Amino acid sequence: MSKNNSFTIPLHKTFWGREEEKAAIDAIRSGTGVGDLSYSEKLAKLLEKDLGIKYVLPTGSGTAALELASACAIKKGAEVIMPSFTFSSCANAVILAGAKPVFADIDINTYNIDPLEIEKKITKKTKAIMVVHYAGMACDMESIDKIAQKNNLIVIEDAAHALGAKFMGKNLGTLGNIGCFSFHGTKNAASGEGGAFVTNDKSIFKIAEIIREKGTNRSSFMRGERRKYSWVNVGRSLILSDILSAIALEQVKKLEKITDLRKKNAEYLLKKLNKLSSKLVLPQVSNGTSPNWHIFAIRVPRISRDKVISELRMYGVEASFHYLPLHMSVMGKKLGYKAGWLPVTEEVASTLIRLPMHPRLKRSEMDFIAAVLGKIL
Ligand SMILES: Cc1ncc(COP(=O)(O)O)c(C=O)c1O
């Protein structure tokens with residue numbers, strides 16, 4: 001077992017092959033690459049079928065999908081409850097809509113927003129809950145749905161990590177009013193950059209397609225429903241290039257295989273690490289959930305997390321921490337938040353380590369990761 005400084009076992013690897021190469025070339029040859037050409041349409045149709053959802057709008061990123069969701073469904077001055085253990089995109093989207101992110105604590109086992117903590121944060125101004133299915137593990141959507149119904153709140157699912165993951169047999173991202181997916185290069189289905197906005201609500205879809213297309217009714221024009229298109233509302237440019245849609249389309253076609261390979265790898269790594277379970281916290285799969293193993297996150301509550309990461313890295317294993325909680329960030333402090341306010345979030349963020357997890361991970365590499373961790377711990 002030798003130490004080195006290059007990552008022989010990277011955190012992520014794309015699952016791209018000839019199909020993605022061919023699709024990108026075909027998209028380049030057949031058009032200009034602008035958005036909403038035939039590949040974007042095919043991508044939307046395939047996602048609609050696979051997810052069992054009525055409307056899909058491909059977007060330039062998961063961030064763009066979240067911004068579109070907020071622009072459609074959140075009014076100025078509203079409060080939106082969300083986890084602090086997430087990416088800045090969630091809070092940015094809400095602030096850009098003129099609303100306020102209100103951070104709620106997470107569950108110590110799932111690292112997802114805790115329904116009891118959501119209830120504590122509800123005020124007269126609360127209009128929405130933005131949930132994040134961290135690592136592709138489902139939030140407790142049954143309890144969250146009950147809270148939303150009782151308080152008349154919109155639910156936006158940040159399913160950036162969660163394509164192919166399920167809750168009670170249903171696809172994550174399709175359980176709230178709006179779902180937002182990411183095709184970022186690290187994601188299970190990756191096109192480099194990219195995302196998708198999904199909803200079953202026709203009125204939300206109608207607003208979204210206008211905002212996404214610079215505030216114009218161009219989408220309706222493209223469907224042949226009108227002879228001209230024009231500016232009808234304030235909008236943004238959030239569509240996905242057809243070249244990236246072509247790559248995303250091939251990835252979505254392979255999603256079942258990708259999810260299956262990740263599941264097999266995660267099960268193998270879990271078995272290998274089980275021997276160390278007195279020294280670390282392994283990922284926990286809640287009843288009724290079927291994760292897509294986008295991230296394999298362990299926690300080391302009794303030893304310096306940063307030391308474990310740097311040791312793993314010295315052995316060529318690209319381990320990594322994850323989010324610095326938003327309420328403790330520079331911007332979070334500008335919003336008036338302070339360290340100490342969300343104890344579970346702070347505990348999880350300071351003890352969590354992401355280990356390599358991707359479809360091409362070999363058993364010998366997982367044996368190595370487990371052996372190195374055993375040595376360190
Ligand atoms: C929870 C979460 N939401 C949203 C995003 C943003 O996705 P994108 O990089 O596609 O904009 C990320 C980024 O990885 C994320 O981790």
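How do the residues of the shell around the ligand divide into nonpolar, polar and charged? They split into four nonpolar, nine polar and one charged, where Ala, Val, Leu, Ile, Met, Phe, Trp, Tyr, Cys and Pro count as nonpolar, Asp, Glu, Lys and Arg as charged, and the others, Gly among them, as polar.

Before going on, note that this is a predicted model: local features need pLDDT of at least 70, side-chain atom pairs count only at pLDDT 80 or more, and totals for chains, interfaces and linings use all residues. Residues are numbered from 1 along each chain as its sequence is written.

Back to the ligand. There are 14 residues around the ligand, and Ser61, Gly62, Thr63, Ala160 and Ser182 come nearest (a residue is near if its C-beta atom, placed from the backbone, lies within 6 Å of the molecule). Helix 3 (62-73) and helix 4 (88-96) are the elements that give two or more residues to this shell.

Now step back. You'll find 14 helices and 14 strands in the protein; these are DSSP runs, with helices (H or I) of at least four residues and strands (E) of at least two, numbered from the N terminus. The C-alpha atoms fill a box of roughly 70 × 55 × 35 Å, taken along the principal axes.

Finally, look at one helix pair. Tyr39, Leu43 and Leu47 are among the residues of helix 2 that meet helix 9, whose partners include Ala246 and Leu249; contact here has C-beta atoms, placed from the backbone, within 7 Å.

Technical notes:
Contact = placed C-beta atoms within 7 Å.
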